[in-house]
Amino acid sequence: MSRTLVIGDIHGALKALQQLITKAKITEDDTLIFLGDYVDGWSQSAALISFLIDLKKSHNCLFIRGNHDELCYTWLTKKTYNPEWIKHGGQATMDSYSLLPQEEINTHLQFFENLIDYHIDNSNRLFLHAGFTNLHGPHREYFSKLFYWDRTLWETALATDPNLKKTDPYYPKRLLLFDEVYIGHTPVTRINQTKPVHATCVWNIDTGAAFKGPLTAIDINTKEFWQSDPVYTLYPNENGRN
């Protein structure tokens, strides 16, 4: 039976993704929605992108753009970067690309260029990396970078009183637009969690793989989820983004 699985921020942890594919028994019948941030953190960013390109040849995959993916793409194309990017995992990504032939880098550029900002399915579920700010929805967003940089959607979901009725005039309008919203971007380890966190209609699947947490995949229909080992244990000689 086919499933739709959402996968959180990977941050160069190819070993964790391969482990997750095995644990979740992912098949070619499954649809895989990746929430972005494929790079920056662990040492296999370039190898991970190559793996994802090959995975799409055999599986139905949707790849959403993360802020780290945009930063990496800027470096690959313009050879310039924000020094803050280096501090937040960029150096590991640069190192991973150092021996990659230009022909393969070109296929990676196509991968980054084809990333999508968000996806809405037939059940009114929204999938994106970070959030949006327009009260009418992402299709009316004036600042597209917010799709992969915004944190206010998640902060609003966390801060909303669960006892507040949706008919209340103070209920946040953005949280009424979709039946469910799936995001990454802000690791739930910040609130001392390592499993997917559900707040109002928002599901945060970034379980801190770049830091001390595992990589997570969740079935959007059953809410069953699978996790890799804590990613830092798969890369014992590296720091990731810790």
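**Sheet pairing and helix packing in the predicted model**

Arg 125 stands opposite Glu 180, a residue of strand β6. The model in which this pairing occurs is a predicted one. Arg 125 and Glu 180 belong to a pair of strands, β5 (residues 125-128) and β6 (residues 180-183), that run parallel and are joined by three bridges.

Strands β5 and β6 are part of an open sheet of five strands, arranged in the order β4-β5-β6-β8-β7 with mixed pairing. At the edges lie β4 (118-120) and β7 (197-199), each of which pairs on one side only. From one strand to the next, the twist averages 15 degrees. The sheet is also packed against a helix: α7 (residues 152-159) touches β6, β7 and β8 (202-204). The direction of α7 makes about 75 degrees with that of β7.

Two further packing arrangements involve helix α5. Two packed helices are described by the angle between their axes and the distance between the axes. For helix α2 (residues 45-58) and helix α5 (residues 102-113), the axes come within 10 Å and cross at roughly 70 degrees. An angle from 65 to 115 degrees counts as roughly perpendicular, and α2 and α5 are therefore assigned to that class. The crossing in which α2 passes α5 is left-handed. On the α2 side, the contact is made by Ala 46, Ile 49, Ser 50, Leu 52 and Ile 53; α5 contributes Glu 104, Thr 107, His 108, Phe 111 and Phe 112. Classified by residue type, this contact of α2 with α5 comprises six nonpolar, three polar and one charged residues.

Helix α3 (residues 67-78) also packs with α5, at an angle of about 140 degrees and with the axes 10 Å apart. Angles over 145 degrees count as roughly antiparallel; α3 and α5 are therefore described as oblique to each other. The crossing of α3 and α5 is left-handed. In this contact, α3 presents Asp 69, Cys 72, Tyr 73, Leu 76 and Thr 77, which meet Ile 105, Leu 109, Phe 112 and Glu 113 of α5. The residues of the α3 contact with α5 divide into six nonpolar, one polar and two charged.

Phe 112 of α5 takes part in the contact with α2 and also in that with α3.

Technical notes:
Residues numbered from 1 in each chain as written. Predicted model: local features only at pLDDT ≥ 70, side-chain atom pairs only at ≥ 80, totals over all residues. Heavy atoms only, no water. Axes fitted to C-alpha atoms, helices over the stretch in contact; angles between N-to-C directions. Helix = DSSP H or I, 4+ residues; strand = E, 2+ residues; numbered from the N terminus. Parallel < 35°, antiparallel > 145°, perpendicular 65-115°, else oblique. Left-handed = near helix turned anticlockwise from the far one by under 90°. Contact = heavy atoms within 4.5 Å. Nonpolar A, V, L, I, M, F, W, Y, C, P; charged D, E, K, R; others polar. Pairing = 2+ DSSP bridges.
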